[in-house]
Amino acid sequence: MHAQEIIRSIESEHLKQDLPEIHVGDTVRVGVRIKEGNKERTQPYEGTVIAKRHGGINETITVRRIFQGIGVERVFLLHSPRVDGVKVVRRGKVRRAKLYYLRDRIGKATRVKQRFDRAL
């Protein structure tokens, strides 16, 4: 076996199987595990997916939300143990692979049209 095949086989053991199909423009709720002292809890982070990168075990999504009038973006490694789960709240209809133009918009201009699919 080649090195790439060995790496892929090891990585495939750690991939999460329960992730939904996520597209750029979707509004998602990401459950993030937060450790406070000796306790651990899950905190939801909801926003619009503005970018997807890489693939396999290195797959990341960038989620943007407006918090108290300031745009906040977080990059989540989808197959990380820190990510508890991802739920698609709303499908978005976009024509771009990256929605970086939303950074320059404020208020209602940041809205993304809804895509109506059969499955959600």
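Predicted model: local features only at pLDDT ≥ 70, side-chain atom pairs only at ≥ 80, totals over all residues.

Residues are numbered from 1 along each chain as its sequence is written, and side-chain values use heavy atoms, with hydrogens and water left out.

Select Glu 46 and Arg 29, whose side chains meet in a salt bridge at 2.8 Å, N to O (a side-chain nitrogen of Lys or Arg within 4 Å of a carboxyl oxygen of Asp or Glu). Because Glu 46 belongs to strand E2 (residues 39–53) and Arg 29 to strand E1 (residues 27–36), the pair ties together parts that are 17 residues apart in sequence; strands are DSSP runs of E, at least two residues, numbered from the N terminus.

Next, select Glu 73 and Arg 64, which form a salt bridge at 2.9 Å, N to O. Arg 64 is buried, with a relative accessible area of 14%, whereas Glu 73 is partly exposed at 30% (buried means under 20%, exposed over 50%, partly exposed in between, with a 1.4 Å probe and protein chains only).

Now move to Thr 60 in strand E3 (residues 60–67), which counts as buried at 12% relative accessibility.

Finally, select Lys 93, found in the segment after strand E5 (83–90), which counts as exposed at 55% relative accessibility.

Key
Helix = DSSP H or I, 4+ residues; strand = E, 2+ residues; numbered from the N terminus.
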